[in-house]
Amino acid sequence: MKLKHSALLGTALAGLLASSIAGAVEEQFIGLPSYRVGPYAAGGSGVFGGWIDYMQLINERDGGINGVRLTWEECETEYNNARGVECYERLKKKGSTGNTVFQPVSTGITYSVLDKAAQDKIPVVTIGYGRTDAADGRVFPWVFPLITTYWSQASAIVNFIGAKEGGMDKLKGKKIGLLYHDSAYGKESHAILDKLAAKHGFELTKIAVAHPGNEQQSQWLQLRQLKPDYVILWGWGVMNPTALKAAAKVGYPREKMVGVWWSGAEEDTVPAGPAAKGFTAAGFNVAGANYPVVADIKKFVYGKGKGNMEDKARIGSVYYNRGVVHGLITVEAIRKAQEKYGKGKALTGEQVRWGFENLNLDEARLRALGATGFLPPLKISCADHEGPGVVKFQQWDGNQWKVISDWVESDRPLVRGMIEESAAAYAKEKGIKPRDCSKEG
Amino acid sequence: MLYREAGQFKSSYAEDGRIFPIRQDRVGFTLLMLVFGVAVPLLANEYWLKAILTPVLIFSLAAIGLNILTGYAGQLSLGSAAFMAVGAFAAYNFILRVDGMPFLLALALAGLAAALVGVLFGLPSLRIKGFYLAVATLAAQFFIVWVLVKFPWFSNHSSSGVVTAQEVSILGYAFVSPEAKYVLTFLVVAVLALAAKNLVRSATGRAWMAVRDMDVAAQVIGFRLMRTKLLAFAVSSFYCGVAGALYAYTYIGTVEPEGFNLDLSFKILFMIIIGGVGSILGAFLGAAFIVLLPILLDNLVPALFGDALGAGFASNLQLIIFGGLIIFFLIVEPHGLARLWQIAKEKLRLWPFPH
């Protein structure tokens with residue numbers, strides 16, 4: 001009896017030992033401050049679903065990044081700053097090396113954790129939102145507003161309209177209406193569009209829509225009187241389908257309406273029904289499931305029943321693909337950092353920061369990842385934490401988004417000038433001495 | 001047994017009128033202060049200080065503010081978050097625009113600015129009551145947030161409308177660490193809560209309660225309605241304003257109008273309903289309940305159910321449980337958590353010989 005007992009104990013111990021050896025596989029922890037309830041749940045569930053699916057793909061298909069498996073934990077923020085701060089604090093010490101990157105997908109939370117993350121040495125990555133002037137990496141070493149910012153986007157939209165008209169000089173005397181969400185987010189468009197209006201000589205009329213924006217009768221009456229050549233829709237949530245329906249009502253052509261990337265998802269057009277047909281919107285990622293990277297997710301993740309999306313029809317939607325972009329960039333930055341700090345090792349936030357700063361996703365790399373045309377090529381440097389600042393335009397054909405342009409550039413010197421000016425003011429206010437980028441390795 | 005007050009005699013009016021007439025309460029209160037004022041900052045880790053305790057204290061202060069107005073003076077308000085916003089933006093602008101502005105003075109001025117705005121929006125209370133007044137304060141909620149977005153001067157022309165709160169420093173000491181920020185918050189909240197407790201026991205507080213119970217009767221026996229009601233609005237907004245400034249400076253670190261939306265106003269209202277209307281203790285209990293329960297559920301639900309539920313369902317389940325618990329507590333004790341404590345206290349005083 002006693003023998004049997006000790007034998008059992010021995011086996012149990014051996015099992016424990018084996019499992020702890022198996023547990024010695026290096027793991028990289030990524031904290032996800034997600035929002036799946038609340039007013040922005042439609043966007044949040046898509047973005048975080050795509051992001052988790054991509055990380056799952058790396059684990060399932062490649063066995064992690066050079067053998068380092070990705071682990072993650074979600075923390076519900078409800079898109080609320082206070083909850084976001086709580087999530088940041090809760091997640092930052094998790095995993096063997098702590099949280100390695102924080103991507104709040106909310107401008108408010110970004111601002112709340114900006115200073116803290118620099119102290120804790122955790123990079124904050126904000127793709128297509130957040131603090132615009134953080135693109136100046138000399139003042140904001142820990143913040144990465146990657147791919148493009150609101151200012152680059154506004155400039156790219158004007159360039160797109162100019163190209164449609166047949167040249168930037170044709171914009172002179174044209175009337176452009178800006179229908180914006182009356183919030184800090186909507187007003188982010190003002191300074192840059194004012195400058196562009198002065199530069200190209202078009203007339204800009206700004207019309208505010210109060211949150212949430214489900215009542216736009218007076219605004220569209222005003223637009224009907226104004227008869228603008230184009231309307232830029234800087235909307236959010238229910239404001240977008242309402243604007244499209246109202247435009248249809250007053251007979252304003254949707255082909256002349258250009259939306260921002262928070263106006264250009266299936267969630268914005270489908271509720272508007274046939275009224276959305278012809279509407280164009282900018283995006284730093286495109287919709288569609290016919291990219292190799294999405295096909296791989298379907299095969300390796302959903303094929304094994306490990307997918308995150310409850311509604312599989314949303315795979316390949318704009319928000320879902322945006323999440324895939326988040327995952328892809330995060331993974332590539334970790335991969336880059338491993339090249340410097342040791343392949344197959346779990347890295348700290350400080351090391352991953354280096355990976356983001358030296359990220360270089362060229363066409364060849366994107367092709368290898370199966371994401372050609374899915375997101376723009378991206379090269380980050382010490383001074384420039386934004387990257388290309390380009391967007392693609394997609395048009396809603398009544399059923400789905402169709403890409404109608406190549407990557408459209410922004411007015412880089414103008415935007416970069418504004419970013420540097422604003423960052424310098426911040427540095428002065430906070431007493432930060434900008435880094436000397438020639439000394440960064 | 002432990003809670004017997006036998007042998008404790010009051011031999012002067014001062015002793016009769018103290019906040020805690022029973023010795024055990026005084027000891028308990030001192031211990032509580034020592035635990036939260038000394039032990040907690042020494043022992044608690046950053047997560048607890050920064051993400052749990054500091055917000056509970058700040059929301060308690062806001063709830064005290066609303067409790068003064070709604071619980072004691074009987075004026076229903078849905079604008080608490082807006083008054084917090086006034087406080088936060090006032091503190092930001094005072095520190096930004098006045099050179100060498102001491103933080104504590106800025107805090108007081110922020111409270112005064114909020115009080116001024118509060119009085120302004122309290123004026124309708126002289127004519128309208130109950131739900132109609134709630135609607136009038138709802139207007140304050142939307143109007144103030146709109147003004148703060150509309151005029152970029154308030155946010156110092158920040159392009160995104162979100163501004164970073166300056167560093168807090170008092171007499172050259174910079175409050176950067178979570179411990180320092182917590183202690184600062186704790187001291188401000190403790191002093192203001194004690195002041196509130198004394199205020200509601202004074203003639204002013206009695207005037208508020210008289211107006212709450214029946215304003216015509218109060219007027220007949222000589223209370224000036226206008227003064228009493230507006231004072232309640234002023235004091236209440238002062239508390240909310242200071243809470244807003246603390247929220248920006250010792251907790252979140254940023255100031256943005258959208259953060260102070262109607263949701264937050266409702267949250268503060270729920271705090272006093274759950275905690276106990278017309279009770280300072282209730283404000284603390286309610287704030288703790290409303291702040292901590294969602295965090296607890298967020299930790300608990302995934303741990304209990306794991307991946308069995310979809311992530312979206314798990315998040316929604318938390319809200320369902322949260323709402324269910326609120327209803328449960330309101331059915332079990334409609335007068336709030338503070339009343340539960342009071343009942344427990346009465347039982348304890350007789351225990352173990354209830355007859």
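The model is predicted: local features need pLDDT of at least 70 and side-chain atom pairs count only at pLDDT 80 or more, whereas totals for chains, interfaces and linings use all residues. Residues are numbered from 1 along each chain as its sequence is written, chains are lettered from A, and ligands are numbered from 1, in the order in which they are written.

**Loop residues**

- The phi angle of B:Asn156 is near 50°, a positive value in a residue other than glycine.
- B:Asn156 counts as partly exposed, with 14 C-beta neighbours inside 10 Å; a residue is buried if 20 or more other C-beta atoms lie within 10 Å of its own, exposed if 12 or fewer, and partly exposed in between, with C-beta atoms placed from the backbone.
- A:Tyr79 also has a positive phi, near 60°, and is a residue other than glycine.
- The loop that holds A:Tyr79 runs between strand S2 (69-74) and H3 of chain A.
- A:Tyr79 is buried, as 22 other C-beta atoms lie within 10 Å.
- As background, most residues other than glycine have a negative phi.
- B:Gly259 belongs to the loop of chain B between strand S4 (254-255) and helix H11 (262-275), and it is buried, with 25 other C-beta atoms within 10 Å.
- Not counting residues up to four places away in sequence, B:Gly259 touches A:Asn81 and A:Gly108; two residues are in contact if their C-beta atoms, placed from the backbone, lie within 7 Å.
- The C-alpha atoms of B:Gly259 and B:Val98 are separated by 25 Å, and these residues are 161 residues apart along the chain.

- Strand S7 (residues 230-234) of chain A has five of its five residues buried, so S7(A) is largely enclosed by the rest of the structure.
- A:Tyr230, A:Ile232 and A:Trp234 point one way from S7(A), A:Val231 and A:Leu233 point the other way, and all are buried.
- Strand S5 (residues 175-181) of chain A runs parallel to S7(A) and is joined to it by five bridges; two strands pair if DSSP finds at least two bridges between them.
- Within this pairing, A:Leu178 has A:Ile232 of S7(A) as its bridge partner.
- Strand S8 (residues 257-259) of chain A pairs with S7(A) in the parallel sense over three bridges, and A:Met257 in S8(A) stands opposite A:Val231.
- A right-handed β-α-β unit is made by S7(A), helix H9 (residues 239-250) of chain A and S8(A); a crossover is right-handed if, with the strands pointing away from the viewer, the path from the first strand over the helix to the second runs clockwise.
- Six of the seven residues of S5(A) are buried, so S5(A) is largely enclosed by the rest of the structure.
- S5(A) also runs parallel to strand S6 (residues 203-209) of chain A, to which seven bridges join it; A:Ile176 stands opposite A:Leu204 in S6(A).

**Largest nonpolar core**

- A nonpolar core is a set of buried Ala, Val, Leu, Ile, Met, Phe, Trp, Tyr and Cys residues joined through C-beta atoms within 7 Å.
- The largest nonpolar core has 230 residues, and those that touch the most other members are B:Leu61, B:Ala62, B:Ala85, B:Ala91, B:Ala110, B:Tyr239 and B:Val242.
- Helix H10 (residues 225-252) of chain B gives the most to this core, with 18 residues.
- Domain 1 (25-148 + 287-379) and domain 2 (151-283 + 394-410) of chain A both give residues to this core, so the core lies between them; domain bounds come from an automatic or database domain assignment.
- Leaving aside neighbours within four places in sequence, B:Ala91 is in contact with B:Ala106, B:Leu107, B:Ala110, B:Ala245, B:Ala248 and B:Tyr249.

**Contact between chains A and B**

- The contact joins 28 residues of chain A to 26 residues of chain B.
- On the side of chain A that touches chain B, the elements giving two or more residues are helix H3 (81-91), helix H4 (107-120) and helix H6 (184-187) of chain A.
- H3(A) gives the most to this side, with six residues.
- This side of chain A has seven nonpolar, nine polar and twelve charged residues; Ala, Val, Leu, Ile, Met, Phe, Trp, Tyr, Cys and Pro count as nonpolar, Asp, Glu, Lys and Arg as charged, and the others, Gly among them, as polar.

Definitions and conventions: Helices (H or I, at least four residues) and strands (E, at least two) are DSSP runs, numbered from the N terminus.
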